2 protein chains.
Amino acid sequence: MSEAYIVGAGQSPFGSFPDETYRSLFDTAFDRTLESVDGELDTADIEEAFIGTLGVGGRQIGLSGPAVTEHLGLHGIPTTRVENACASSGYSLRSAVAAVKSGMADLVLAGGYEVMTDTSSDHTKWWLGVSGETEWERLSGTTFAGVYAQMASAHMDEYGTTKEDLSRVAVKNHGNGAQNPDAHLGFECSLEDAVNAPDVADPLNLYHCCPTTDGASAVLVASEDVAFDLTDDPIRVAGVGAASGRVGLFQRPSLTSIPATKEAAEQAYEMAGVGPEGLDFAEVHDCFAIAELLAYEDLGFCEPGEAGTLLREGRTDPDGELPVNTSGGLKSKGHPIGATGTGQVVEAFKQLRGKASVQTDDPVRGLTHNVGGSGGGVTVHVFERTSEVEP
Amino acid sequence: MSEAYIVGAGQSPFGSFPDETYRSLFDTAFDRTLESVDGELDTADIEEAFIGTLGVGGRQIGLSGPAVTEHLGLHGIPTTRVENACASSGYSLRSAVAAVKSGMADLVLAGGYEVMTDTSSDHTKWWLGVSGETEWERLSGTTFAGVYAQMASAHMDEYGTTKEDLSRVAVKNHGNGAQNPDAHLGFECSLEDAVNAPDVADPLNLYHCCPTTDGASAVLVASEDVAFDLTDDPIRVAGVGAASGRVGLFQRPSLTSIPATKEAAEQAYEMAGVGPEGLDFAEVHDCFAIAELLAYEDLGFCEPGEAGTLLREGRTDPDGELPVNTSGGLKSKGHPIGATGTGQVVEAFKQLRGKASVQTDDPVRGLTHNVGGSGGGVTVHVFERTSEVEP
């Protein structure tokens, strides 16, 4: 089995862009990906592509993957649209890694996009609910904020987590996002602001919810031969993990944990040969504030119930022992559904190259964690600087 | 690179099933897949799944892949929804083969489904157009029958192909489908009936168009070790090919050929080490009658312009030199979008096991050809009996 490496990664600005299309956003992400490659890359050498999007927002629906790659000038290459809700591009990366490891391709594009602020189509209106379980969640009117509010309530009840704990996710991530020129909500917020924001789905308020965002992101995955032709320090995909979970929250044994995250993390740690203690940073899926707390616990950053303490003690701040969401996370950087998974990898790539907007101290290894829906599909990847670590 | 083998394949009946859901249909396909496996298979050994669907018809939209596998009892396994319009499950098979060849999994489920006859949702009404190019085809009112009618007109103009030639596709495929207990339109039709049917999009009439169908299909892809544990005669995936094409018909240099089919076929033939002359049967994508004629030419079964002759001479009849669409094809068996690609593989598996409803004479090797939209994404696979051919 060949190793897989990231040789380039880039994203469009995340935000609300009424004058952009899914293809113009992806063009920007792709251009920036190419710019991030050390050596000379001929785009004709890109052999396959996997494009993640939920994509029911009124633009190109069927065959949007090939519609993206033809616009990039990558004519004719096999292109697969991957959809696993908010984990769509975490899964497109997974397929790209498999394509490289299989020997079927040496250089593969993985990415994703979403255009969410175009509400010109009827379909956009029921958009965000469509990744919930259909019969008992979506059709009965449960929104995603409602689903995560149930998890937050349960966590508060079981562990004494407070609204201030939830709000500290926003304070930290906005603090990071304020430094990120590509962030959708690139401004700081105070704990007071975050605690007192208007309710969305109690106990979650406006500052506990990520925005609705347009954007695209992309990464280039290469085999060993191609990777070291392009750069002396490709980023190794050291760990790959993915798992499904019950799509409906009501079908799960607990509301305070996402089993698919645990399972995916276990796989990725085992393959990478490290545990959470071997990580120098992480980008986790904070679609709602409670989701970041659950991620800490399910990824093994702390024991169940201790995520609030981790935050309070600043241990996931940029200068803490394990900085989390230095990009601003979904909360501040934004959450263009299909673009989020590979968008997290863009941050990991920048961190490991020393080029992040909130740079951690000489990191060797980082993790990305991408959640579809409320945990119906999860990917976890571990990335590693090859110049520092022998595979 | 490990070889990949098909160890089981099955489909639900194709038809109009108002009392079924996407999950109940997939359950049937999966049960039949398991029944088709020679040895004892523990479903807990299935490590990953790829589920193809266009899936914008009002059922589970986001995360429908995990929603399918949880219903099958395959809890927790990584499940990716793949969407490439009518080639969705051709591409889900491609990803399953890559997963096995990569060493990331030894036993992988690939399949697809569609529920098309449920028109209770608004979204179903614009369904079939969504895989056309958006700005210049779909939003300007071009239907898929309209797109293929343009190809038919061009072929008639360029090569003198006649309405009778188109109608012979229906006569042949209905003749085959009438023997297939799982066919949606399992009845014969005469040349006179087919020629004189009401127009849909001139020159295509009702008998030149496939039906709108509910159904599901599945295959199990295994690594060498697992495959030969389960059976002495697994079906080897000897050739794999895929390519994209311009999504919009107006963007292509010719209306009488689908470049992505040619490219995908070239890859599959090269990998399999055979050309069309090495095939004993083929399942080709006959969503409209003209599509089968184009397939003959683009897959190299004959020269450009000669497809009508091939049909007239009966060379693709069940007793001809290269039987095509012995299952009944999309025309008679039916075309549940996401289920079609792996549905074709079900027929290939049955043919190579000597269990097809219209059985060809001791076949060793067959091809499947799955087209997304009007050629925006195509897969071609070649399958081979291992008992007859050394890899």
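Okay, quick housekeeping. Residues are numbered from 1 along each chain as its sequence is written, and chains are lettered from A in the order in which they are written. The model is predicted, so to speak of local features we need pLDDT of at least 70, side-chain atom pairs count only at pLDDT 80 or more, and totals for chains, interfaces and linings use all residues, while side-chain values use heavy atoms, with hydrogens and water left out.

Let's start with how the copies are arranged.

Now, the interface. Here 57 residues of chain B are in contact with 58 residues of chain A, contact being heavy atoms within 4.5 Å. And 100% of the interface residues of chain B are also interface residues in chain A, so the copies meet through the same surface. About 4400 Å² is buried between the chains, 53% of it from carbon and sulfur atoms; that's accessible area (1.4 Å probe) lost on putting the two parts together, summed over both.

How many salt bridges does the rule find across this interface? It finds 4, where a salt bridge is a side-chain nitrogen of Lys or Arg within 4 Å of a carboxyl oxygen of Asp or Glu. One to look up is R81(A) with E83(B), at 2.9 Å from N to O. Which element gives the most to chain B's side? Helix 3 of chain B does, with 6 residues; helices here are DSSP runs (H or I) of at least four residues, strands are E runs of at least two, and both are numbered from the N terminus.

Back to R81(A): it stands opposite E83(B) in strand 3 of chain B. Strand 3 of chain A, residues 79-83, runs antiparallel to strand 3 of chain B, with 3 bridges joining them; strands pair if DSSP finds at least two bridges between them.

Last, the backbone. Most residues other than glycine have a negative phi, and most peptide bonds are trans. But D202(A) to P203(A) is cis, with omega near 10°, and P203(A) sits in the loop between strands 5 and 6 of chain A. N325(A), not a glycine, has a positive phi of about 60°.
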